[in-house]
Amino acid sequence: MMGDVATRAAAPRAMGVPGERGRFGDHGGRYVPESLVEACREVEEAFREAWADPGFRGELATLLAVHAGRPTPLTPAWRLSAELGVTLLLKREDLAHTGSHKINNVLGQALLAARMGRTRLIAETGAGQHGVATATAAALLGLEATVFMGERDVERQALNVFRMRMLGAEVVPVRAGTRTLKDATSEAMRHWVGVAGSAHYCVGSVIGPSPYPYMVREFQRVIGDEARRQCAAALPSAVPDHVVACVGGGSNAAGTFAGFADTPARLWGVEAEGGAGAALGRPGVLHGFRSLFLQDDDGQIREAHSIAAGLDYPGVGPEHAHLRDLGRARYVTVDDGEVTAAAVRLARAEGIVPALESAHAVAWVIRAAGSGELPAGSTVLLTLSGRGDKDVATLMEVL
Amino acid sequence: MNALETRLRARRDAGRKLLMPYVTGGITPDWTEYARAFAAAGADAIEIGVPFSDPTLDGVTIQEASHAALTRGATPRGVLAGLAGLADLDVPLVVSTYCNLVFRDGPWAFCAALREAGASGLIVPDLPVDEADEAADAAAGAGVDLALLASPATPAPRLAEISRRSRGFVYAVSLMGTTGTRSALGPAATALAGRITGLSDRPVLLGFGISTPGQAVEAARRADGVVVGAAIMRRVLAGARPDEIGAFLTAMREALDDPGA
């Protein structure tokens, strides 16, 4: 009995404030060029001060409500639940303004940037969702926006490129390396070095140097906090048995998990088979943080592959690496074929066309339902992080 | 004091301005010939880049050079093997690369491999002083000097810490930007060199954007010497042979030795 108490007291508290220098266990930190250390420190100081200020929180809550349409609903997936033999509840981030959860983080960072006196936002984007959200927040708050996007993604996501430009943002195609999210992130960091005094780097996921992984998780925890209350009203057990979200860098998952880290719910992160930093990566340092990355024996970063541009990232946020180390969350993978099948199945069973990123989470639930991992009769909360409009061209090619 | 810093101090104290040219390891099959040309042109140290897939502090030229070297099949092991063949040069060899390659097998193994290959210095641009403890211990254990970078944005107390903990020299980054040639040297460059020399007597090398003999002379007014990277690699990528790079550096050497000429 006493041993039990001691063990519990000694266990690290999952998803609290990170340790010194932004550490989540062995992961995180601030591995940036000296030229960016001061800029990161300023963001950290400004965020800690703003996050403790009820005025800032109130302003953000208002924007999330009147501009982004929060709270997003919790939708029971009636027919799919019946087919799978589990109770599946969907947290509808696809219904948030701009079509995904990305707006939650961006409104927070844009308000922070304005508070810091910055006049421009810099962002990287893969699928274009974070770029569109950044362009939107910039327009809303009267800031300029420059979005870096891999040339290959510019081709794959022409619709979002147009939306960003219509919102007044400058979209810069990145021709370096693999011409995807990884290279867009590198280019955004290079650009930031030169303009850190006037521009804020609005990182789109729970990645990057400290304080970004912590800050972005805090801005995204609105997903988990809302879902926790909605589950309490919707489920006799109040807390679902399982909480599932897709993971690229891992921001919608981190925000969702944050609402349930202190419950008995089992947490599942679903990665793309070809971009599974948490499931298949090895320890390393990239883009300012220590975490798990796909890499070869020499330490060269490997190219990620996914049908979902937003999951085409070779690493995972440092807190996910830590949750994996702790055993608090588990990370699993699905392949492109399962993902497109899941997108179609959700569309036909529930009338919801999910983003291909979000369809990863759906695909895993479909596969695991009834197995030992997700036994029949389980209650499952799944964060549907975005809507599938942007993926129609991709789906037309493969279906 | 290790070999690199001893050598640089001695030359600096003798009134010589220091010149450290850079080459991306593995950029051509005979890339070590560039290092030999550097030595013949009067280099005081030679920086050898071990190419990394995602060089986040490098501008287009070094990115392109890194990509080309990796495409040719360059590996850290291969570059270090090439370095070992330069032992006869009697010029200190300084390896530069990113954290992920240093940490892959751990900084102790990496620094031991550096020593084995005959390198006496290490530069890791994405390793700021706050994160450098383990690598600094590993480097010291292998007798390798871990040179830290300082930037124009570095505040005073932090600059003092960097100057104190850096080994070999302090790498002063001339501007708020990535590597690459620039048409002119900004005022922040010489100001930073002056701030560091006021804090420490460790040699200060100014780098980023130095591409002409005139810029080198201007930089060396306040700094103890210069690093020249992208200006060399731009020529190498355009097909310049080692003797042509040697001629370019000889002009820079002569300007540094006789700035009035």
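These notebook entries record what I looked up in a predicted model.

**Entry: a helix pair.** I examined helix H6 (residues 129-141) and helix H8 (residues 158-166) of chain A, whose axes lie 9 Å apart and meet at an angle of about 10 degrees. Because angles under 35 degrees count as roughly parallel, I recorded H6(A) as roughly parallel to H8(A). The crossing of the two helices is left-handed. I then listed the residues in contact: H6(A) contributes Gln129(A), Gly131(A), Val132(A) and Ala135(A), while H8(A) contributes Asn160(A), Arg163(A) and Met164(A). Sorted by class, this contact of H6(A) with H8(A) comprises three nonpolar, three polar and one charged residues.

**Entry: cis peptide bonds.** I noted a cis peptide bond between Arg70(A) and Pro71(A), with omega at about 0 degrees. Pro71(A) sits in the loop that connects helix H3 (54-66) to strand E3 (74-76) of chain A. I also noted a cis bond from Ser210(A) to Pro211(A), where omega is about 15 degrees. Pro211(A) belongs to the loop between strand E8 (199-201) and helix H10 (212-234) of chain A.

I located Thr98(A) in the loop between strand E4 (87-92) and helix H5 (102-115) of chain A. With 25 other C-beta atoms within 10 Å, Thr98(A) is buried.

Technical notes
Residues numbered from 1 in each chain as written. Chains lettered and ligands numbered in written order. Predicted model: local features only at pLDDT ≥ 70, side-chain atom pairs only at ≥ 80, totals over all residues. Axes fitted to C-alpha atoms, helices over the stretch in contact; angles between N-to-C directions. Helix = DSSP H or I, 4+ residues; strand = E, 2+ residues; numbered from the N terminus. Parallel < 35°, antiparallel > 145°, perpendicular 65-115°, else oblique. Left-handed = near helix turned anticlockwise from the far one by under 90°. Contact = placed C-beta atoms within 7 Å. Nonpolar A, V, L, I, M, F, W, Y, C, P; charged D, E, K, R; others polar. Buried ≥ 20, exposed ≤ 12 C-beta atoms within 10 Å, placed from the backbone.
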